[in-house]
Amino acid sequence: MRHLLSVVVSVYNEEEALAQFYQVTEGILNTISWDYELVFVNDGSRDQSLSILNRLADSNPKVKVVSFSRNFGHEAAMIAGIDYSQGDGIICMDADLQHPPACIPEIIRRFEAGYEVINMVRTKNESAGWFKNMASSAFYKLINALSDVKFESNASDFFAISRNVAAVLKENYREKVRFLRGYVQNVGFPKTTIEYEARARVAGESKYSIRKLFKFSINTILCFSDLPLKLGIYSGIIVGFLGLLVMLETIYEWAVKGTPNGYATIVVLLCFMFAMLFVIVGII
């Protein structure tokens, strides 16, 4: 019996790119030794993307369409596609052909070699511009410094997982705010990497603005680092130490000069009260 490969494709306002993506990807899928299914997830597109996907599904029984009632975001679309996939191996990719379908045969070879997590690492992405490339590099350095989990630099939402890994993701990591590529790297199982060069979009524009990327970065740090949770305790220790210094200085003035400072006493009390509050918040 042939193995089944599921290709999960997130779609958001990609009407101009879908026909070319389908033509290129289906051509490659028809050359591999595995059977396949194409799972398109329409993430609340406002253009004609859903109509195009429904026509593809009508013409090819191997095409499945999952459609959201509104836009829930790229991460939600990918996890929904994984939930609906039936394959022994699952590939997640975008519909704009920046993730080259030509990598699929190599991914199949890695599956057959026993790997269950395949991280696709960008070596080049000229279409993103210097600012996004610099910000991406800085983001991975920051998250690796803050988190116990170490991520592959320049890993992308283009990745492949086995049925075993998909079963874990279907039962766990069900947070509303997610960083799926991080979960994939953290879930365990034998893993490997494949390098690729991101191509220019065949049509349309990137759906990730600078504001959305910044929000995504903050959510990721909150997902994978406990440092923000510990800031309350650290703040309490610092404020308490400052209060102690002010208290010692106040005692010194009272003992040496004989002039107690009522204002300093209030500052000391406030410091210790806030220190206690910060520590309690940190523990909670």
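Strand 1, helix 1 (residues 18-29) and strand 2 form a right-handed β-α-β unit, where right-handed says that, with the strands pointing away from the viewer, the path from the first strand over the helix to the second runs clockwise. Helices (H or I, at least four residues) and strands (E, at least two) are DSSP runs, numbered from the N terminus. All of this comes from a predicted model, in which local features need pLDDT of at least 70 and side-chain atom pairs count only at pLDDT 80 or more, while totals for chains, interfaces and linings use all residues. Residues are numbered from 1 along each chain as its sequence is written, and side-chain values use heavy atoms, with hydrogens and water left out.

Strand 1 has parallel partners in strand 2, through eight bridges, and in strand 4 (residues 89-94), through six; two strands pair if DSSP finds at least two bridges between them. Serine 6 shows both pairings: it stands opposite glutamate 37 in strand 2 and opposite isoleucine 90 in strand 4. As for burial, eight of the eight residues of strand 1 (residues 4-11) are buried, so the strand is largely enclosed by the rest of the structure. Here buried means under 20% relative accessible area, exposed over 50%, and partly exposed in between (1.4 Å probe, protein chains only). In a regular strand the side chains alternate between the two faces of the sheet. In strand 1, Leu4, Ser6, Val8 and Ser10 point one way, Leu5, Val7, Val9 and Val11 point the other way, and all are buried.

Next come the charged pairs. Side chains of opposite charge can pair when their charged atoms come close. Five salt bridges turn up, each one a side-chain nitrogen of Lys or Arg within 4 Å of a carboxyl oxygen of Asp or Glu. One of them joins lysine 62 to aspartate 35, at 3.1 Å from N to O. Lysine 62 sits in the loop between helix 2 (49-59) and strand 3 (63-67) and aspartate 35 in strand 2 (residues 35-42), so this pair ties together parts that are 27 residues apart in sequence. Both ends are partly exposed, lysine 62 with a relative accessible area of 30% and aspartate 35 with 25%.

Lysine 64 and glutamate 37 make another salt bridge, with the closest N and O atoms 2.8 Å apart. This pair also links distant parts of the chain, lysine 64 being in strand 3 and glutamate 37 in strand 2, 27 residues apart. Lysine 64 is partly exposed at 32%, whereas glutamate 37 is buried at 5%.

Arginine 109 and glutamate 106 also form a salt bridge, at 3.0 Å between the closest N and O atoms. They are three residues apart in helix 4 (residues 104-112), so about one helical turn separates them. Arginine 109 is partly exposed at 48%, as is glutamate 106 at 23%. Glu106, Arg109 and Arg110 are linked in a network of salt bridges.

Disulfides, pairs of cysteine sulfur atoms within 2.5 Å, number zero in the structure. Cysteine 92 is buried, with a relative accessible area of 1%, and cysteine 103 is buried at 13%.

Finally, phenylalanine 272 is found in helix 10 (residues 262-283) and is partly exposed at 35%. Leaving aside residues up to four places away in sequence, phenylalanine 272 touches Gly240, Gly243, Leu244 and Met247, a contact being heavy atoms within 4.5 Å. Phenylalanine 241 is 31 residues away from phenylalanine 272 in sequence and 8.8 Å away in space, C-alpha to C-alpha.
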